[in-house]
Structures are given as C-alpha cells and as structure tokens.
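Subject: Handover of a structure

Dear colleague,

I am passing on the structure below, together with notes on what I found in it. Please read the notes with the structure open beside them.

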Amino acid sequence: MTASTVAQYLAALPADRRAALSAVRKVINENLPDGYEEGMQFGMIGWYVPLSMYPAGYGENPKVPLSFVALASQKSGMVLHFLCFYGHPTLSTWFTSEYKKSGKKLDMGKGCVRFKSLEDLALDVVGRTVARVSAEEHMANYQAARALLGKGNSEILREQGGFASEAAAPKRAR
C-alpha cells in the first residue's frame, strides 16, 4: 500500500479491516506515553520517537524515526509489530504472560502479533504494553542493544530477541 497518511491507509482498507485497525489504533493512542508520534512508517501505521527527540534515527539513519509499534493489514490477516520487544526481553515475557491470562490465543513471532479479527486480540494487554514503555526508556533500550551489537555481542541480542530476523543480524554473527 502506498498511503502517505494514516487516514489514506485506513480509507483504502475493506470495512472490516478498517474497523479492526481503527479500534486497535484507538487503544494505542489512548495509552501512548508522551514523546511518541503517530504516522506512516515502512508502509504501516507506526508510532515512533520523532527525530527531534532521537536524531540518530532508527538503524542510525537520521531520516527514519525510531520505531516503537506498528500496525498493518496484510494479505493473510492483520499484524501488530512490537518493535519495543527487541532488546527488551522482560517486556516480551510480561506481554506473553498477560496475554495468556486474557484467555485469547496468541499467534506471535519475536515481536509481531498476528490476528484475523479484532475479537482475536487482547486489546487491554496491547494498551497496557504500550503504556509501560516511555519514549526515554525505549531510546535507552535501543541504544543499549546497539551498543551490544557494536561490540560484537550479536549472539546475546539474538538470544534476547534483539533481532527481528536472521537477515537483520550482522553477517559475522550468522
């Protein structure tokens, strides 16, 4: 999808997907700590630390704000990417535990939660997860993970969920 705004992205979706993503978006926005912004990022609805707060940017690219959470409609369903889980294994563990308590079935990769309908998603857990990570904490976790990466400790990061995929890991660590 080539939408340049959140409104365009949502408008291009079928009604059922638009309703589901709008509900998830509302919960995220209601629980989002100060310091984050919402917009389009990587072809998805994204929440991120703006460059004015973190000028180094995501992946040390000063043109890309530091990603926090992303929400998208995909061919096989919908997905919520918790980029804040990478380099923050305690948050991911907490999320998994809380999700199980909700009684909903969790379909999750390292940091992405896949769902077919809004009823499949534990919205309260999503909201509480977003609320738990201040922009300052997210920046600090990201910087610590980058520092480990720079020192050749990519195996530690991978074990802790610090890489979104093998493709993101440095070649020397594969």
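Between which two strands is the loop in which Phe42 is found? Phe42 is found in the loop between β1 and β2, where helices (H or I, at least four residues) and strands (E, at least two) are DSSP runs, numbered from the N terminus.

Before going further, please note that this is a predicted model, in which local features need pLDDT of at least 70 and side-chain atom pairs count only at pLDDT 80 or more, while totals for chains, interfaces and linings use all residues. Residues are numbered from 1 along each chain as its sequence is written, and side-chain values use heavy atoms, with hydrogens and water left out.

On confidence, the chain averages a pLDDT (the predictor's confidence in each residue, from 0 to 100) of 88, and 86% of the residues score at least 70. The pLDDT is below 50 over residues 152–158, a stretch that has 19 contacts in the model beyond near neighbours in sequence, a contact meaning heavy atoms within 4.5 Å. Over residues 161–174 the pLDDT is likewise below 50, and that stretch has 31 contacts beyond near neighbours in sequence.

The chain contains 6 helices and 5 strands, in the order α-α-β-β-β-β-α-β-α-α-α along the sequence. Of its 174 residues, 45% are buried, where buried means under 20% relative accessible area, exposed over 50%, and partly exposed in between (1.4 Å probe, protein chains only). Among contacts with a separation of 6 or more, 52% are between residues 24 or more positions apart. In helix α4 (residues 123–131) the buried residues are Val125, Val126, Gly127, Thr129 and Val130, and their cover includes α2 (15–31), β3, β4 and α3 (89–102).

Gln41 lies in strand β1 (residues 37–41) and is buried, with a relative accessible area of 8%, whereas Phe42 is exposed at 51% and has a positive phi of about 60 degrees although it is not a glycine. The side chain of Gln41 makes a polar contact with the side chain of Ser67 at 3.1 Å, a polar contact being a pair of N or O atoms within 3.5 Å, of which, within protein, one must be able to donate a hydrogen and the other to accept it, with residues adjacent in sequence counting only if both atoms are side-chain atoms. A polar atom of the Gln41 side chain also lies 2.8 Å from the backbone oxygen of Pro65.

Glu60, in the loop between β2 (44–49) and β3 (66–74), also has a positive phi of about 60 degrees without being a glycine. Glu60 is partly exposed, with a relative accessible area of 38%, and its side chain makes a polar contact with that of Arg146 at 3.4 Å. Glu60 and Arg146 are 86 residues apart in sequence and 9.3 Å apart in space, C-alpha to C-alpha.

Finally, the lining of the second largest pocket has 2 nonpolar, 3 polar and 5 charged residues; here Ala, Val, Leu, Ile, Met, Phe, Trp, Tyr, Cys and Pro count as nonpolar, Asp, Glu, Lys and Arg as charged, and the others, Gly among them, as polar. A pocket is an open set of points on a 1 Å grid over the protein atoms alone, where a 1.4 Å probe fits, with protein on both sides within 12 Å along at least five of seven lines, and lining residues have an atom within 4 Å of a point. Among the lining residues are Lys105, Asp107 and Arg114.

With kind regards
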